[in-house]
Amino acid sequence: MNIKTEKSKLNSGIEILFVDVPNQEIVDFSVIFRAGYYYCPLEKHEISHYLEHLSFDGTAEYPSKLIFAEAAEKNGAYWNATTSSYRVRYFFQSAKTEVDDLLKMILSQVYSPLFKKSDFEAEGKVIRNEINRRIASDRWLAAVISGNLVTPRIIEPRQRLKYLETITLKDIKNFHKKNYVKNNTFIVISGDLNNTQKQSIIKRINELTQSVPKGKRNKIIKPPMNDFKSKVVAHRGTSQQEAYHLSFINPEGTMKDSEALKIFSTILNGGFSSRIFHNIRESGLSYGTESGFAIREDYSEFYLNDYVDTDRSLRAFEKAFSIVKSVAGGDFSDKELERAKGYARGKTLRSNITSIDLAGWYMNDFVMERELIDIDDYISSFEKVTKDDVVAVAKKYIKPDNWVLAVVGKEAGKKKSDYKKIIEKYR
Ligand SMILES: [Zn+2]
């Protein structure tokens, strides 16, 4: 694909990453702060998210949320924001010709929100609605409560609702003042821009951020970890089905694990012909099991989850789990290995075509100050993965007791020990 990246640290402290994606009419422009949930005090967990919401409620130049939204959308731009453990990302995706106008909007959005009391009150209710809506998804809930077994900083949603009530407008303003500063600002611009356009964007950023304080860059912090090993949590769900989420935790995972993990995960569950997918569908146990991995600063994991009719959940779980264990032990053919490499190559390529995709590919490594991994190099690295590499990486992640499990469903409480027995059976 021949994607070039260029980092530029401004004298002001703002750090910019240009991702050059040839032949793209669309630009993805993201402003990111290292100011996610982990940077809030535990009992004020929701501040970071609350601030994200208030940043959509107008600025001095666009004095209400409607005026602001109309100005952003009149030419078809998509704009939104997300809050995660480490980061808050504000972005727009628009035609190249719109960048100059939208750049001005997004910078005023992040650096000078109005913080109106009426908006503060309304957004508190909106966030309560948002969390309640998510609680209604058993599968989402299973993932969150399993994370809560690993670290107290991944907070169970009903607790989030309680913490939400304690937040004041002053808390949010203070958080904004400390964290939305130039030294803690990262900007990613992905698209087909020439040098003149890039220079003019940098110049605009400098002009528009003159009055923003420099402040300090937040360090990457590690959350406290619980004694999580072999813990199971159950929760009564809301749907007809039962959701399970099994995570194997590796606090020392690194990006070096990524290629072999990708192949391991693809042998298991990438595509219709993968081992778990094929077996689960063949036996009619489930619509399809999900598995995957994540490498992060807090902890890394390999996970397996599904959403299954209650009367078949244990059988579906046993089938999927036994396959994970056997593939982790090296029970797979050369043909399966080769298929997985080809599938992983094609899938990674398919998911990284547009300027929007590629902003996502490079963003996390940039903000977390990791080495940037060239997308073409990553795709071609799959070819070199051997059977030994897969078995070695599986050993690092799939251990007898480094797991946590959450089960959400009407009978989840009763079935906790059955799930645990299945895991122990395949030690
Ligand atoms: Zn939200």
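What is the volume of the second largest pocket? About 410 Å³. The model behind this value is predicted.

**The pocket**

The second largest pocket is lined by 17 residues. Those closest to its centre are Ser 265, Asn 269, Gly 270, Ser 291 and Lys 347. Three elements each supply at least two lining residues: α9 (258-269), β9 (290-294) and α12 (334-350). By class, the lining of this pocket holds 9 polar, 5 nonpolar and 3 charged residues.

**Helix α9 and its partners**

α9 also packs against other helices. One of them is α15, residues 387-397. The axes of α9 and α15 come within 9 Å and cross at roughly 95°. Angles of 65 to 115 degrees count as roughly perpendicular, so α9 is roughly perpendicular to α15. On the α9 side, the contact uses Ala 260, Leu 261, Ile 263 and Phe 264. On the α15 side, it uses Asp 389, Val 390, Val 393, Ala 394 and Tyr 397. The contact of α9 with α15 has 8 nonpolar residues, 1 charged residue and no polar ones.

α9 meets α11 as well. Their axes come within 10 Å and cross at roughly 135°. That angle makes α9 oblique to α11. The crossing of α9 and α11 is right-handed. Phe 264, Ile 267 and Leu 268 of α9 touch Ile 323, Val 324, Val 327 and Ala 328 of α11. The residues of this contact are 7 nonpolar, with no polar and no charged ones.

**Helix α11 against α16**

α11 spans residues 313-328, and α16 spans residues 412-425. Their axes lie 10 Å apart, at an angle of about 20°. Angles under 35 degrees count as roughly parallel, so α11 is roughly parallel to α16. This crossing is right-handed. From α11, the contact takes Ser 313, Leu 314, Phe 317, Glu 318 and Phe 321. From α16, it takes Lys 415, Asp 418, Tyr 419, Ile 422, Ile 423 and Lys 425. The residues of the contact of α11 with α16 divide into 6 nonpolar, 1 polar and 4 charged.

The helix pairs, side by side:

| Pair | Axis distance | Angle |
|---|---|---|
| α11 and α16 | 10 Å | about 20° |
| α9 and α15 | within 9 Å | roughly 95° |
| α9 and α11 | within 10 Å | roughly 135° |

**The cavities**

How many cavities of 30 Å³ or more are there? The count comes to 2.

The largest cavity holds about 80 Å³ of space. Its lining includes Phe 56, Phe 68, Trp 79, Tyr 90, Phe 91, Phe 92 and Met 105. α2 (65-73), β4 (78-83), β5 (88-95) and α3 (99-111) each give two or more residues to this lining. α3 has the largest share, with 4 residues. The lining of the largest cavity has 10 nonpolar and 2 polar residues, and no charged ones.

The second largest cavity holds about 40 Å³. Its lining is Phe 248, Phe 321, Lys 325, Lys 399, Pro 400, Trp 403, Ile 423, Glu 424 and Arg 427. Here α11 and α16 are the elements that give two or more residues. Phe 321 and Ile 423 line this cavity and also belong to the contact of α11 with α16. By class, the lining of the second largest cavity has 5 nonpolar, no polar and 4 charged residues.

Key: Residues numbered from 1 in each chain as written. Predicted model: local features only at pLDDT ≥ 70, side-chain atom pairs only at ≥ 80, totals over all residues. Heavy atoms only, no water. Axes fitted to C-alpha atoms, helices over the stretch in contact; angles between N-to-C directions. Parallel < 35°, antiparallel > 145°, perpendicular 65-115°, else oblique. Left-handed = near helix turned anticlockwise from the far one by under 90°. Contact = heavy atoms within 4.5 Å. Nonpolar A, V, L, I, M, F, W, Y, C, P; charged D, E, K, R; others polar. 1 Å grid on protein atoms, 1.4 Å probe; cavity = no way out; pocket = protein on both sides within 12 Å on 5 of 7 lines; lining within 4 Å. Points joined across faces, edges and corners; volume = space filled by probe spheres on them.
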